[in-house]
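Subject: Handing over the structure

Hello,

Here is the structure I promised to pass on to you. Please open it alongside this message and follow along as you read.

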Amino acid sequence: MTQTLTIRRPDDWHVHLRDGDLLTGVAPYTARQFARAIVMPNLAPPMTDVAGVAAYRDRILAALGPDSTFTPLMTLYLTDATDPDEVARGFAEQVFVAAKLYPAHATTGSAHGVTDVANIRGVLERMAQIGMPLLVHGEVTHAEVDIFDREAVFIDAVLAPLLRDLPELKVVFEHVTTREAVDFVLASSANVAATITPQHLHINRNAMLVGGMRPHAYCLPVAKREHHRLALRSAATGGSTKFFLGTDTAPHARHLKEAACGCAGLFNAPFALESYLAVFEEEGALDRFEGFASVNGPRFYGLPLNEETVTLERSGVQVPELIDANGTGIVPFHAGERLNWRYLG
Ligand code: DOR
Ligand code: ZN
């Protein structure tokens, strides 16, 4: 039986690094395992212009210190008022590598998001022209749509029509949670890909609701039924180059999750590779882990593969109940569990 696994250093194609003291507390966990990460722009206020994104990138680098080799890949937050020239300028100057579409009020920090994709038509046309990826939080927000259906409805109502109109647009369907999303990505052309989180590979909606309400299993999009989880596991481990690693690590202080209106998001950065690897091992797909974690993402974004390697060993690791992130107590994903693999570096 394989006792160690060595692969090219992975990248995380979807993270929330936050800001201020929390940034300093959580960013080292991502930088410890990953060479690069796509950093989400949903701060308060959101990162809606070139200068703001550049300043945020500098704060991330400062928080990690001069010895860090980690590269934050920044993103721009789209609003109804985003100017196509600003988007093209920031992309040309390599301040950001992509733009994020949050439907307004879909999730944390999305109040300034896009109310109708028709409002950003000019931006999307420009992005298609210059080959700039659009990162999509794929959920509709209409009150009448059940929260468990919001991703599937988004595909029919928004994403499929958008790609029919702009077939050249490069799209990452972020943190897919349904069989419908997997099928859609597989049936789409090569310029459509998706990230998959560890939690959506491990848990279904029972984890959130059976035996009590469990806020630490609550993220958006919410985990769905078991057959969706199984479709995601097939997608991640099945060898398609359209799926890649994106943890959606989204840390919130423990008291903000254990509340009457708890925040959405799981803090999975500290044991991200161990968590994914458990899934690949259970699926008998250890040989496909490197493609998912370290190859498919850079190929899609047109970036070089990392040359360094990392090693994990089958000795196991105990996940703590609580992690102190520079003064903020956060419950990590898998809190209190033992995982089979240990990241060595
Ligand atoms: O669970 C989530 N948390 N989903 C998101 O889309 C945003 C994120 C956050 O920023 O906390
Ligand atoms: Zn996210």
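Below are some notes on what was found in it, feature by feature.

First, the ground rules. This is a predicted model, in which local features need pLDDT of at least 70 and side-chain atom pairs count only at pLDDT 80 or more, while totals for chains, interfaces and linings use all residues. Residues are numbered from 1 along each chain as its sequence is written, chains are lettered from A and ligands numbered from 1 in the order in which they are written, and side-chain values use heavy atoms, with hydrogens and water left out.

The sheet

Helices (H or I, at least four residues) and strands (E, at least two) are DSSP runs, numbered from the N terminus. Eight strands make an open sheet with parallel pairing, in the order β2-β3-β4-β5-β6-β7-β8-β9; two strands pair if DSSP finds at least two bridges between them. At the edges are β2 (12–15) and β9 (243–245), each with a single partner strand, so one side of each has no neighbour in the sheet. On average, neighbouring strands are turned by 30° against each other, direction ignored. Strand β8 (residues 192–196) runs parallel to β9 and is joined to it by three bridges. Ala194 has Phe243 in β9 as its bridge partner. Helix α2 (residues 50–64) lies across β3 (36–39) and β4 (71–77), at about 150° to β4. Contact here means heavy atoms within 4.5 Å. Axes are lines fitted to C-alpha atoms, for helices over the stretch in contact, and angles run from 0 to 180 degrees between N-to-C directions.

Distant parts of the chain are linked here: His16 is in the loop between β2 and α1 (20–33), and Asp248, 232 residues apart from it, is in the loop between β9 and α10 (254–257).

Two helix pairs

Helix α3 (residues 84–92) packs against helix α4 (residues 121–130) at an angle of about 30°, with the axes 8 Å apart. The two are therefore roughly parallel (under 35 degrees; over 145 is roughly antiparallel, 65 to 115 roughly perpendicular and the rest oblique). Among the residues that meet are Val87 and Phe91 in α3, and Val123 and Met127 in α4. By class, this contact has seven nonpolar, one polar and two charged residues. Ala, Val, Leu, Ile, Met, Phe, Trp, Tyr, Cys and Pro count as nonpolar, Asp, Glu, Lys and Arg as charged, and the others, Gly among them, as polar.

Helix α9 (residues 226–237) and helix α11 (residues 272–282) pack at about 90°, their axes 10 Å apart, which makes α9 roughly perpendicular to α11. Here Arg233, Ala236 and Thr237 meet Val279, Phe280 and Glu282.

Backbone details

Most residues other than glycine have a negative phi, and most peptide bonds are trans. The bond from Ala44 to Pro45 is cis, with omega near 0°, and Pro45 is in the loop between β3 and α2. Leu220 and Pro221 are also joined by a cis peptide bond, with omega about -5°. His105 is not a glycine, yet has a positive phi of about 70°.

Enjoy exploring!
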